[in-house]
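Trainee: I have just been handed a structure that is new to me. Could we go through it together?

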Amino acid sequence: MISFKEKLHNTIKQKNSNLCVGIDIDKKYFHSDVTIEELKDYSFKVVSATKDVAAAYKPNLAFFEEWGSQGFLWLEELVKEIGSDHIIIADAKRGDIGNTANHYANAFFNHFNCDAITVNPYMGEEAIEPFCSDKSKGVYVLCRTSNASANYIQENIFDKVIELSKSMNKYDNIGLVVGATNSKAMSEVRNTNDLPFLIPGIGAQGGSLEDVININSNHADSTLINISRSIIFAGEKDSESIRDAALDFSNQMRSYFLVELPKLLTWL
């Protein structure tokens, strides 16, 4: 069975892309009586428009869970629609321990068949271990996030998160979530480790794509840069606008640091 790290490297290389499309299908961007079927169809349209551009997809669980059982059915169908040629990251931010965390891991890895999940490390090693025990599955640990108030807690503990993640990385399948809105903080995190990064905060949140790529220039083969609203709700929300936005971001990434990607990956 291929490891998560191998799939991550191979997918970035094969797609020649570091783009992760965030599937945040927020009903507020639609008419007031929008149905779940309309949202599901729209999410499928996003995938269809970006499949040859994106390396990964990151469904945000909040936008599925609010619909109850029908939302989980939608997620199941969406994962099948994406298929196995992309990295699928469940943006679930789970953070429980013990038996509960084991069941979360079983749900997202074995039932929903996602490749990776985002995890909150606040409860320590026990909150991460159930998600990283299978080398074919990845876990992205929240480290320095992109929201405005993140530093209130994270500034004082992010080094502990990095230390813990590195110490638990025996299967080489742990990465970090590091937001793009604080370039200084990202530099601090990157200077301490070579773990894969999942980077939100570009686009609507205002992070600098050029800064992100400069900071991670030696890690092109393991960096995923997430764009959500600026792609999925681009223009008139038609397939052409969505694809054009995804292609534009992907081309910007490629022009900055994918030109050297084949050389970086010659060892694979």
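Mentor: We shall begin with the overall fold and then turn to single residues. Please keep in mind that this is a predicted model.

Trainee: How many helices and strands are there in the protein chain?

Mentor: The protein chain contains 12 helices and 8 strands. Its radius of gyration is 17 Å, close to the 18 Å from the globule rule for 268 residues, so the chain is as compact as a globular protein of that length. The C-alpha trace spans about 45 × 45 × 40 Å along its principal axes.

Trainee: And what percentage of the residues count as buried?

Mentor: Of the 268 residues, 53% count as buried. As for contacts with a separation of 6 or more, 73% of them join residues 24 or more positions apart.

Trainee: What about the surface and the charges?

Mentor: The accessible surface comes to about 12100 Å², and carbon and sulfur atoms account for 47% of that area. There are 26 positive and 36 negative charges, and their mean positions lie 3 Å apart.

Trainee: Let us go inside. Which residues have the most contacts inside the largest nonpolar core?

Mentor: That core has 69 residues, and those with the most contacts inside it are Leu19, Val21, Ile117, Ile128, Val139, Leu176 and Ile231. Helix H2, residues 36–50, gives the most to this core, with 6 residues. Apart from it lies another core of 14 residues, including Ala55, Ile89, Ala116 and Tyr140.

Trainee: What does Ile128 touch, leaving aside residues up to four places away in sequence?

Mentor: With those left aside, Ile128 touches Val119, Pro121, Val139, Val141, Leu164, Met168 and Ile174. Ile128 is also one of the buried residues of helix H6 (residues 125–132), together with Ala127, Pro130, Phe131 and Cys132.

Trainee: What covers the buried residues of H6?

Mentor: The cover includes strands S3 (87–94), S4 (116–119), S5 (138–144) and S6 (174–178). Helices H5 (98–111) and H7 (151–167) are also part of that cover.

Trainee: Changing topic: where is Asp172 found, and what is its phi?

Mentor: Asp172 is found in the loop between H7 and S6. Its phi is positive, about 60°, although Asp172 is not a glycine. Most residues other than glycine have a negative phi.

Trainee: Where does Asn193 lie, and what is its relative accessibility?

Mentor: Asn193 lies in the loop between helix H8 (183–190) and strand S7 (197–199). Its relative accessibility is 9%, which is under the 20% limit, so Asn193 counts as buried. Not counting residues up to four places away in sequence, Asn193 touches Ile162, Lys166 and Leu176.

Note on methods
Residues are numbered from 1 along each chain as its sequence is written. This is a predicted model: local features need pLDDT of at least 70, side-chain atom pairs count only at pLDDT 80 or more; totals for chains, interfaces and linings use all residues. Side-chain values use heavy atoms; hydrogens and water are left out. Helices (H or I, at least four residues) and strands (E, at least two) are DSSP runs, numbered from the N terminus. The radius of gyration is taken over C-alpha atoms; the globule rule is 2.2 Å times the number of residues to the power 0.38. Buried means under 20% relative accessible area, exposed over 50%, partly exposed in between (1.4 Å probe, protein chains only). Contact means heavy atoms within 4.5 Å. Accessible areas come from the Shrake-Rupley method with a 1.4 Å probe; for residues, only the protein chains shown count as cover. Lys and Arg count as positive and Asp and Glu as negative; His and the chain ends are not counted. The place of a charge is taken as NZ of Lys, CZ of Arg, CG of Asp or CD of Glu. A nonpolar core is a set of buried Ala, Val, Leu, Ile, Met, Phe, Trp, Tyr and Cys residues joined through side-chain atoms within 4.5 Å.
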